Amino acid sequence: MHIAGMIAIGIGVLFLFLGSFGIVRLPDVYNRLQAGTKCTTFGCLFAVLGVGIVEPAWFWKALLVSLFVLLTNPISNHALGRAAKKSGVPLWDGSVVDKSRDFPSYANTEKL
Amino acid sequence: MIVSIFLLVIGAAIVLCLIRLIKGPTATDRAVALDTVTTVTTALLVILALVFKRYIYLDVALVYAVLMFIGSVAIARFLEKGI
Amino acid sequence: MEESLEQILELSLTLLMLGGAVCACVFKDLLNAVIAAAFVSLMAAILFYFLQAPDVAMAEASIGAALTTAIFVIAIKKTKRVEEE
């Protein structure tokens with residue numbers, strides 16, 4: 001039980017570090033949002049549930065913490081991505097496609 | 001012993017986010033770095049509760065996980081001119 | 001946890017707080033300064049947690065990082081965003 005929990009915490013911590021590394025290395029806001037959302041949500045879930053596995057009496061509260069992380073982190077990152085698009089942050093030069101102008105609520109944002 | 005390695009790796013992750021918070025060209029970059037460091041901090045608090053062996057310390061992480069998105073959402077609503 | 005590792009972590013947290021505080025003083029765009037101040041508040045909460053005061057850490061987390069950010073953003077919205085010399 002102890003070893004399995006420690007392995008889960010190790011996987012989570014590794015993903016948290018990779019997400020932060022992507023925050024530094026990736027070229028523009030949208031790529032950084034991807035690294036900062038998916039990697040860190042997954043890593044935080046694994047770390048918190050690993051703590052719940054190591055101490056079985058704590059499992060339900062750890063599950064509650066991970067549930068709230070799973071609810072609130074995508075909300076804030078989605079709001080940030082929408083705000084970046086609407087306030088006119090340019091895409092990276094190597095970007096291939098931008099489909100957002102097909103949607104009516106983004107139709108009057110300037111061409112990036 | 002292995003928990004100390006985890007703590008040091010998480011500290012390195014916070015330092016990387018601080019680098020992006022200093023360098024970031026636009027305000028949105030800095031907001032993304034702040035949001036990432038919030039999530040990393042939640043995991044750090046839960047692991048520290050395991051280190052100190054106190055059940056009650058998980059409540060702090062719970063409050064973090066519930067309340068932290070308010071700041072990011074306020075910044076985002078300000079950036080799209082609509083608060 | 002060993003004594004030395006605990007001291008190293010507390011020292012590095014204090015240095016991170018110092019870096020965020022210097023950023024909050026230097027930035028001209030006030031929204032960036034608010035974000036740096038929120039970072040300082042986050043690090044202060046972890047430092048309180050290390051010093052065995054979880055109730056103070058909880059208050060610092062909820063007031064310092066969530067409420068203060070929202071109130072500062074509303075204040076910037078009602079005045080102007082960029083600081084002038």
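**Entry 1: α2 against α4 in chain B**

I began with α2(B) and α4(B), which are roughly antiparallel to each other. The model is a predicted one, and I read every value below as computed from it. The angle behind that label is about 165 degrees, and the class takes in angles over 145. I noted 10 Å between the two axes. I then looked up the handedness, and α2(B) passes α4(B) in a left-handed crossing.

Next I listed the residues that meet. On α2(B) they are B:A27, B:T28, B:A31 and B:D35. On α4(B) they are B:S72, B:I75 and B:L79. Sorted by class, this contact comes out as four nonpolar, two polar and one charged residues.

**Entry 2: α2(B) on its own**

I checked the length of α2(B) against its residue count. The helix has 26 residues, and from first C-alpha to last it reaches 37 Å. At 1.5 Å a residue, 38 Å is expected, and the value found is close to that.

Is α2(B) mostly covered or mostly open? I found 24 of its 26 residues buried, so the helix is mostly covered, taking buried as 20 or more other C-beta atoms within 10 Å.

**Entry 3: chain B against chain A**

I moved on to the contacts between chains. Two pairs of chains are in contact, and chains A and B share the most contacts of the two. In that contact I count 45 residues from chain A and 38 residues from chain B.

Which helices of chain B supply at least two residues each to the side that touches chain A? They are α1 (2-23), α2 (27-52), α3 (58-67) and α4 (69-79). The largest share comes from α2(B), with 14 residues. By class, I noted 28 nonpolar, six polar and four charged residues on this side of chain B.

**Entry 4: chain B against chain C**

Here 32 residues of chain B are in contact with 30 residues of chain C. On the chain B side, α1, α2, α3 and α4 each supply at least two residues. Which helix of chain B gives the most to this side? It is α2(B), with 11 residues. The classes on the side of chain B that touches chain C are 25 nonpolar, five polar and two charged.

**Entry 5: positive phi values**

Most residues other than glycine have a negative phi.

B:K53 follows α2(B) and is found in the loop between α2 and α3 of chain B. Is B:K53 buried or exposed? It has 8 other C-beta atoms within 10 Å, and exposed takes 12 or fewer, so B:K53 is exposed.

C:Q52 lies in the loop between α2 (30-50) and α3 (54-78) of chain C.

**Entry 6: what I keep**

For chain B I keep α2(B) as the helix to return to: it supplies the largest share of the side that touches chain A and gives the most to the side that touches chain C. Within its own chain, α2(B) packs with α4(B) at about 165 degrees.

Terms used: Residues are numbered from 1 along each chain as its sequence is written. Chains are lettered from A and ligands numbered from 1 in the order in which they are written. This is a predicted model: local features need pLDDT of at least 70, side-chain atom pairs count only at pLDDT 80 or more; totals for chains, interfaces and linings use all residues. Two residues are in contact if their C-beta atoms, placed from the backbone, lie within 7 Å. Helices (H or I, at least four residues) and strands (E, at least two) are DSSP runs, numbered from the N terminus. Ala, Val, Leu, Ile, Met, Phe, Trp, Tyr, Cys and Pro count as nonpolar, Asp, Glu, Lys and Arg as charged, and the others, Gly among them, as polar. The expected span of a helix is 1.5 Å times one less than its number of residues. Axes are lines fitted to C-alpha atoms, for helices over the stretch in contact, and angles run from 0 to 180 degrees between N-to-C directions. Angles under 35 degrees count as roughly parallel, over 145 as roughly antiparallel, 65 to 115 as roughly perpendicular and the rest as oblique. A crossing is left-handed if the near helix is turned anticlockwise from the far one by less than a right angle, and right-handed if clockwise.
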